[in-house]
Amino acid sequence: MSFAKDFMWGAAASAYQVEGAWSEDGRGPSIWDICCQEGGHVYENHTGDVACDHYHRFREDVELMKEIGLNAYRFSISWSRLLPEGTGNVNEAGVRFYNDLINALLDNGIEPYVTLFHWDLPYALYQRGGWMNPEIVEWFGAYTKLVAERFSDRVTHFFTLNEPQCFIGLGFLSGTHAPWLCSPLRDTFAMAHNALKAHGRAVQMLRTYGKRPLEIGYAPTCSAACPEKETPEDIEAARRMMFSLPEDLRNWTWNVAWWSDPVLLGRYPEEGLERFAPYLPKITDEDMRQIAEPVDVYAQNIYNGKCVRMGADGKPELVKRYIGFPRTANGWPITPESLYWGPKFLYERYRKPFYITENGLSCHDTVSLDGRVHDPNRIDFLARYLSQLKRAAGEVDLRGYFQWSLMDNFEWEKGYSERFGLIFLDYRTQKRILKDSASWYREVIRSNGETLREA
Ligand code: GCO
């Protein structure tokens, strides 16, 4: 099997994780700025105040993207860099930064893919209720209108939200992400519904104010369900597990269907409407119409998956991982088949052209005596996963793949302790070093995946 001739090979990053310049040139604070600066939650109290200083070094970084041979770069816009209070006054210096970044990408033949929201909610809006306040739908709409007016003459590809499972689930259920809250269940369902409505409002604004035909998508995340054996029974068991809802309500956000059925199918899953009924906000037909504003593509961040077989009772059951199962530096399981079964099941259900918007791993990367960064584990991981994705290319309308991440960066509550990049960052000097995996990835891109083994 081969990837399509126009398949996009990219890498991804996000504003708070790489830009730094947290209060420079008029940028307003986000909840991550405030919640990190107060200390007490992030590894060694790291913050994104400086991060990779991408705000000042983006031209060098675009040169490195070109050296790697990327033909796409997925980045997010800092809402509070454009609108310091989240609404109202526009920070023209912020607009200038993103215009310069977009122009540098296009000048180097790299297609910009913009994520509108990658978790860095303007703190001023958080103070006004944030995702709990239904007004956020229009706040996000107005922000999107500004982005469309200023950038859609050159940017064609937009993803509205990155991983609502995380910014609601980790921020407000487990409390392991900013603003570190363990909110009442009903609040988290209300926030989730507002977030999905905000997604729909953003689609409407991009359609109305876009300056060219746009390709609009959405980037949730999942742990893909993979059959233990490729038998009809185990495949059916995995398919059912893939779209099931968690039993444990305190972990309810970790699912696919509650977040994607409304966007792609126009309805919440029946099972959830029944089980979650005591905690749900008022849901109107107008809400569902807005949430289901048609998108052009669907996407998913997939790092790993779970192994599933059909139980003797006719119900899907998880297969326990064997002792010594391979894991990445941050302990995530290595499951290459998740990049076949995930896209396969998601495409089967939602029938939209599909992107992998994030995939990659953290490694214990260091600079070796020869001054280079050898990361054989990343090369092996990517070779295995991309071979599986290539297998999916025969069944799924695959449009592109974004490696997480372009460069080592601020890994949320883990601070700078995890290294996911194709580019090594020496944070003392901001020196960038292309890792061996960057050179390996360049050959994969040049061959459009032909150098990859058949899965
Ligand atoms: C996510 C986020 C990224 C993370 C990456 C590694 O998927 O959690 O989109 O911002 O940094 O996935 O955890």
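Author: A polar contact here is a pair of N or O atoms within 3.5 Å. The model is a predicted one.

Reader: Which residues are closest to the ligand?

Author: The closest are Gln-17, Glu-163, Tyr-303, Glu-358 and Glu-411, out of 13 residues that surround the ligand.

Reader: How far is Glu-163 from an oxygen atom of the ligand?

Author: A polar side-chain atom of Glu-163 lies 2.3 Å from a ligand oxygen. For Glu-411 the corresponding distance is 2.6 Å, and for Gln-17 it is 2.8 Å.

Reader: And how much of the ligand does the protein cover?

Author: On its own the ligand has 320 Å² of accessible area, and the protein covers 95% of that.

Reader: Which way do the residues of β5 point?

Author: Glu-215, Gly-217 and Ala-219 point one way, Ile-216 and Tyr-218 the other. Side chains in a regular strand alternate between the two faces of the sheet.

Reader: What does β5 pair with?

Author: β5 pairs with strand β4 (residues 157-162), in the parallel sense, over 4 bridges. In one of the pairings, His-157 has Glu-215 of β5 as its bridge partner.

Reader: Now the largest nonpolar core. Which residues have the most contacts inside it?

Author: Trp-9, Trp-32, Trp-79, Tyr-401 and Tyr-441, in a core of 137 residues. Helix α9 (residues 185-209) gives the most to this core, with 10 residues.

Reader: What is Tyr-401 in contact with?

Author: Leaving aside neighbours within four places in sequence, its contacts include Phe-7, Trp-9, Leu-339, Asn-359 and Tyr-441.

Key
Residues numbered from 1 in each chain as written. Predicted model: local features only at pLDDT ≥ 70, side-chain atom pairs only at ≥ 80, totals over all residues. Heavy atoms only, no water. Core = buried A, V, L, I, M, F, W, Y, C linked by side-chain atoms within 4.5 Å. Buried < 20%, exposed > 50% of the residue type's maximum accessible area, 1.4 Å probe, protein only. Helix = DSSP H or I, 4+ residues; strand = E, 2+ residues; numbered from the N terminus. Contact = heavy atoms within 4.5 Å. Pairing = 2+ DSSP bridges. Near = heavy atom within 4 Å. Polar contact = N/O pair within 3.5 Å; in protein donor to acceptor, adjacent residues only side chain to side chain. Areas by Shrake-Rupley, 256 points an atom, 1.4 Å probe, with all protein chains shown as cover.
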